[in-house]
Amino acid sequence: GGALALLRGKTASAARIGIGLCFLAAFTGNVSILYYSSTVFEELGLSNSLTISAVALPNIVGALLALYLLDVWGRRPLLQLSFGAMAVSLGLLAAALGTQGAAAPLTLPVVGETSLAAVACVTCLPVYVAAYSAGAGPVPWLLYNELFPTRLRARATALCTTLNYCANVVVAQSFLPAVERFGLGNTYGVYAAFCAAGLVFTNKYVLETKGLSLQQIEFMLAQEGTGARAGDAMGELFAETAEPLPGPVVQSADRIGEG
């Protein structure tokens, strides 16, 4: 019983996907990056009004893209694109910020009159924010409700939500100490590594649920680990769930064929 029941039996695969995504989505650093974005912009000598263009607008654009692409591309490709784009954009930003220590975490090389980090911040940060809002932000919450069977869905969603919030608290509370100890560039580099880990995790474990009923998703997850191919599993499911046509319907069809 309880949360441990989710980790055993037929729900083990769903629990692995749900718990893995809730942790990885949190440790991409989105909470801290957004919360302290105006401070970073100020430290880089950029106008606070740029925060709207670099953070708020991409956030809205990403959310709108998610509404459209979830049922066009699917959940898994959207997560892959999201984690991949975040890893690249945040990795480039971390490289531009450099590896300065706690004494001068924002002491940066200058290109002309504008610091290299300022250019990277204005170009890479919007990509990161839009990518998160389009994939790693909303998709896990949808998958929580699709992966778990009805009888366990409320308990499983509550568990994933709690773990996600706890992970976000850890990320938020550790951000400033990490910046003071390792520098902003290295801290962002760690977040970029978690983004890359999210891409690897999605490629290995997350299945595509677009166009599938909850019953089909549950059957596919139950078949995982038995050696059955996904196509064979789906064929068995359709064979098991298919119902014969009622006698009168068959007779009517035969009469039409004879006519």
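Arg 75 is buried, because its relative accessibility is 7% and the cut-off for buried is under 20%. The model is a predicted one, and the values below are computed from it. Arg 75 lies in helix α5, which runs over residues 75–97.

**Salt bridges**

Side chains of opposite charge can pair when their charged atoms come close. A search of the whole structure finds two salt bridges. Arg 75 forms one of them with Asp 71 and one with Glu 146, and the three residues are linked in a network. The distances between the closest N and O atoms are given in the table.

| Salt bridge | Closest N and O atoms |
|---|---|
| Asp 71 and Arg 75 | 3.0 Å |
| Arg 75 and Glu 146 | 2.7 Å |

Glu 146 is buried, with a relative accessible area of 12%. In the pair of Arg 75 and Glu 146, helix α5 supplies the arginine and helix α7 (residues 139–147) the glutamate, so the contact ties together parts that are 71 residues apart in sequence.

**Overall layout**

The protein contains 12 helices and two strands. Along the sequence, the order of elements is α-α-α-α-α-β-β-α-α-α-α-α-α-α. Of the 259 residues in the protein, 43% are buried.

The UniProt record, an unreviewed entry, lists residues 17–38, 50–70, 77–97, 117–144, 156–176 and 188–207 under "transmembrane region". These annotations may be inferred rather than shown by experiment. Two of the listed spans can be described from the model. Residues 17–38 are 82% helix and 0% strand, with 34 Å between the end C-alpha atoms. Residues 117–144 are 93% helix and 0% strand, and here the end C-alpha atoms lie 37 Å apart.

**Helix α8**

Helix α8 covers residues 150–182, which is 33 residues. From its first C-alpha to its last, α8 reaches 45 Å, close to the 48 Å expected at 1.5 Å a residue. Where does α8 bend? The bend is at Phe 175 and amounts to about 40 degrees; Pro 177 follows within four residues. Just after the helix, Gly 183 takes a positive phi of about 95 degrees.

Val 170 is also part of α8. With a relative accessible area of 45%, Val 170 is partly exposed, because that class lies between the 20% limit for buried and the 50% limit for exposed. Its C-alpha is 9.1 Å from that of Ala 26, although Val 170 and Ala 26 are 144 residues apart in sequence.

Leu 78 belongs to helix α5. Its relative accessibility is 2%, so Leu 78 counts as buried. Leu 78 and Ala 134 are separated by 56 residues in sequence, and their C-alpha atoms are 7.4 Å apart in space.

**A nonpolar surface patch**

Which residues form a nonpolar patch on the surface? The patch consists of Ile 52, Leu 57, Ile 60, Leu 64 and Leu 67. Together these side chains belong to residues with about 540 Å² of accessible area. One of them, Ile 60, is found in helix α4, which spans residues 50–69.

Conventions:
Residues are numbered from 1 along each chain as its sequence is written. This is a predicted model: local features need pLDDT of at least 70, side-chain atom pairs count only at pLDDT 80 or more; totals for chains, interfaces and linings use all residues. Side-chain values use heavy atoms; hydrogens and water are left out. The expected span of a helix is 1.5 Å times one less than its number of residues. The bend at a residue is the angle between axes fitted to the seven residues ending there and the seven starting there. Patches are made of residues with over 30% relative accessible area and no salt bridge: like charges are joined within 9 Å, nonpolar side chains (Val, Leu, Ile, Met, Phe, Trp, Tyr) within 5 Å. Accessible areas come from the Shrake-Rupley method with a 1.4 Å probe; for residues, only the protein chains shown count as cover. A salt bridge is a side-chain nitrogen of Lys or Arg within 4 Å of a carboxyl oxygen of Asp or Glu. Buried means under 20% relative accessible area, exposed over 50%, partly exposed in between (1.4 Å probe, protein chains only).
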